[in-house]
Structure formats: C-alpha cells, structure tokens
Amino acid sequence: MKSKLAVLLCFFLLSGCASVRGWENYRTDIGYALPQYPQWEEYNTLTLRKATDNSWAELINYMGGDATTVFGYTENGNAKDWIAMFDDFLAWNPPQDTYIERYTLEHKSDFSVIAAIYGAIRSRPPYTVSYRKKGDKKYFIVKYDEFTIGTDYTEQIYSEDSVRNMKQLYEYLSVTLK
C-alpha cells in the first residue's frame, strides 16, 4: 500500500498537477530599453519575484523560455545597499556627457536543483552597473556577460524615472520583507 501511495505521489508531483516553487511574481512599472531597440522601454518591464514567506525578493526579466536576468536580490528586509545605489545614481550629476562603470555585482547563489547543476557546469559571471549621461538625460545601465540567442537582453538601460521606481519598490521591500 505504501509503495502504491509513493508511486501515485511521484506521478502527481511529476505530472505538473502540483507546483511547489516558493515564490510569487508581480508585474512592475519599472521599464527599460535595449541598445538595439530603444523604443521598447514601455514594453520591457521587470518582474518582482518575491518569496511566499516574505524572506527575499529580486527583480527578474524573463527573456523567453527559461532564460532570465536577475537584479537586485535582497533578503530579510536588508535593502539599504540597493537604496544607496539608487540614491547614488539619482544624485550623480556630471557637468558633461560621460560614462562610468560604477559597480560590479555577483549573482546570488541559486537555490534550485536545476540551477545548482547548471551552476556546477557554468557559473554566472558578475554583472556591472554603469552610469551614462548624454545631453540632459542620465541612464542607469545593467550589463550581463551572458550568451543569448535572438533578442539581446544583456544590456538593459533604465531612465531616471525607472530608477526612482526601483528605489520606491526597495523602500517598500525593506519594510515588508522579514
């Protein structure tokens, strides 16, 4: 009897009838542009992935299929470093057009079995955050050193308004995550 129950349980879990993932996704109004498609900013938005137990959150971009880019992982309400980065960008005001590479960030350790196996084969390289000023506009740029097929999402360009939206979101997360 126990073996039949075990087989039924395995079938149920593997068939897709049950899902245990531990997070929820929420659409945000944080838009970004791609260098080759600057007009797409209104269509490209990040998704907030938040643990169902409110222990962590991150911003992700689904690039089709299983491919994602991840930015801004925070846990236990400790978002002060991200808020400081957004404040640094918003306060940055060079007198002329310029481009500076500001931060190099490591990806968080992933907790899924598939990601652990994939990470053992090929770990994710660090990604960079740069600032660019061109004319009267400032841009917050996140660049991933990833291989992509099709549309290239490895460089994402955020406007000042999008960075303000990220800051507001992380101020909210600093209070709601436990």
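Mentor: Start with helix H4 (residues 160-176), which lies across S1, S2, strand S3 (56-62) and S4. Helix H4 runs at about 145° to S1. Axes here are lines fitted to C-alpha atoms, for helices over the stretch in contact, with angles from 0 to 180 degrees between N-to-C directions; contact means heavy atoms within 4.5 Å. Helices (H or I, at least four residues) and strands (E, at least two) are DSSP runs, numbered from the N terminus.

Trainee: Before we go on, what sort of model is it, and how are residues numbered?
Mentor: This is a predicted model: local features need pLDDT of at least 70, side-chain atom pairs count only at pLDDT 80 or more, and totals for chains, interfaces and linings use all residues. Residues are numbered from 1 along each chain as its sequence is written, and side-chain values use heavy atoms, leaving out hydrogens and water.

Trainee: OK, the sheet. What's the strand order?
Mentor: S1-S2-S3-S4, an open sheet of four strands with antiparallel pairing. Two strands pair if DSSP finds at least two bridges between them.

Trainee: Which are the edge strands?
Mentor: Strand S1 (23-31) and strand S4 (68-75), each pairing on one side only. On average, neighbouring strands of this sheet are turned by 25° against each other, direction ignored.

Trainee: How many bridges join S1 to S2?
Mentor: Six, with S1 and strand S2 (residues 45-51) running antiparallel. Glycine 31 stands opposite threonine 45 in S2.

Trainee: Switching to rings. How many aromatic pairs?
Mentor: The structure holds 15. Rings of Phe, Tyr and Trp (its six-membered ring) pair if their centres lie within 6.5 Å; planes under 30 degrees apart count as stacked, over 60 as edge-to-face, the rest as tilted. One of the pairs, phenylalanine 71 with tyrosine 127, is edge-to-face, at 6.1 Å centre to centre and 65° between the planes.

Trainee: Where do those two sit in the chain?
Mentor: Phenylalanine 71 is in strand S4 and tyrosine 127 in strand S6 (residues 127-134), 56 residues apart.
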